[in-house]
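Q: I have not looked at this one before. Can you walk me through it?

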Amino acid sequence: MIIIASSLQAVKARIARAAQSVDRQPDEITLLVASKTQPAERVREAWLAGQTIFGENYLQEALAKMPALADLPIEWHFIGPIQSNKTKRIAENFSWVHSVDRVKIADRLAKDRPESLPPLQICLQVNVSGEASKSGVAPEEVAALAAHVVRLPRLRLRGLMAVPELTTATALQRSQFHMLRELFDGLKRDGYELDTLSMGMSEDMDIAIAEGATMVRVGTAILGPRRYLIPEELAARAAR
Ligand SMILES: *Cc1c(COP(=O)(O)O)cnc(C)c1O
């Protein structure tokens with residue numbers, strides 16, 4: 001079994017190398033550990049090794065895991081597709097949501113965010129690959145969604161997120177990260193105060209960092225193989 005403390009150190013070293021190779025500071029990049037399918041004990045082990053930010057994709061799974069970790073002040077990020085009947089419990093249990101891709105979901109999260117909690121930190125998920133199966137707002141609709149979200153109470157717009165195409169073609173991946181970066185810079189030029197470009201996973205974090213990522217979401221490189229395949233992976237496997 002993978003020793004989490006050492007894989008965490010190895011990933012941090014990889015982030016630092018990727019940053020330095022493009023003259024960025026390693027501390028400009030925040031590490032989120034994607035813990036979907038991993039049991040609470042693995043999350044605790046990563047916490048004990050110094051990791052404080054974790055991302056979950058499935059509400060039911062996350063809610064089942066959280067009680068066993070309630071003694072730890074973990075910063076939970078929701079990074080999976082959002083159904084509108086799930087917004088209440090997402091707004092109650094997470095600090096960040098990376099996967100806002102439509103007005104209806106943003107409105108509901110704003111309404112559902114408890115007054116007793118700080119504003120919910122939001123990234124808009126952009127469909128940079130144009131794949132019909134992918135979540136995310138179309139690139140040409142990002143500006144309108146940002147204009148809507150920034151005016152909602154109880155939410156704070158922090159930036160953009162994307163999951164590029166699962167491909168071994170690094171040039172294609174790079175162009176999709178680059179597109180997200182351009183959209184991010186465009187919004188900042190329009191006056192939005194954004195600081196988060198959430199992109200890069202186990203396989204492609206180095207390219208994402210070269211293209212400007214400020215947050216990478218890393219699962220398998222730190223926690224080891226997932227316990228079961230997620231729907232997106234099942235679909236990709238079936239298509240191969
Ligand atoms: C699973 C997942 C990750 C992490 O993927 P790995 O390849 O395991 O590093 C990052 N972001 C999202 C949205 C995910 O679903």
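Q: Which residues come nearest to the ligand?
A: K36, N57, S202, G219 and R226, out of 13 residues around the ligand; "around" means having a heavy atom within 4 Å. This is a predicted model, where local features need pLDDT of at least 70, side-chain atom pairs count only at pLDDT 80 or more, and totals for chains, interfaces and linings use all residues. Residues are numbered from 1 along each chain as its sequence is written, and side-chain values use heavy atoms, with hydrogens and water left out.

Q: What lies 2.7 Å from an oxygen atom of the ligand?
A: A polar side-chain atom of K36 does. An N or O atom in the side chain of N57 is also 2.7 Å from a ligand oxygen atom. For R217, a side-chain N or O atom is 2.9 Å from a nitrogen atom of the ligand.

Q: How much of the ligand does the protein cover?
A: 92% of the 380 Å² of accessible area that the ligand has on its own (Shrake-Rupley method, 1.4 Å probe).

Q: Back to R217. Is R217 buried or exposed?
A: Buried, meaning under 20% relative accessible area with a 1.4 Å probe, protein chains only. R217 sits in strand β8 (residues 215–218) with M215 on one side, while V216 and V218 are on the other, and all four are buried. Strands here are DSSP E runs of at least two residues, numbered from the N terminus.

Q: Which strand does β8 pair with?
A: Strand β1 (residues 30–34), in the parallel sense over four bridges; pairing takes at least two DSSP bridges. L31 has V216 as its bridge partner in β8.

Conventions: Buried means under 20% relative accessible area, exposed over 50%, partly exposed in between (1.4 Å probe, protein chains only). A polar contact is a pair of N or O atoms within 3.5 Å; within protein, one must be able to donate a hydrogen and the other to accept it, and residues adjacent in sequence count only if both atoms are side-chain atoms.
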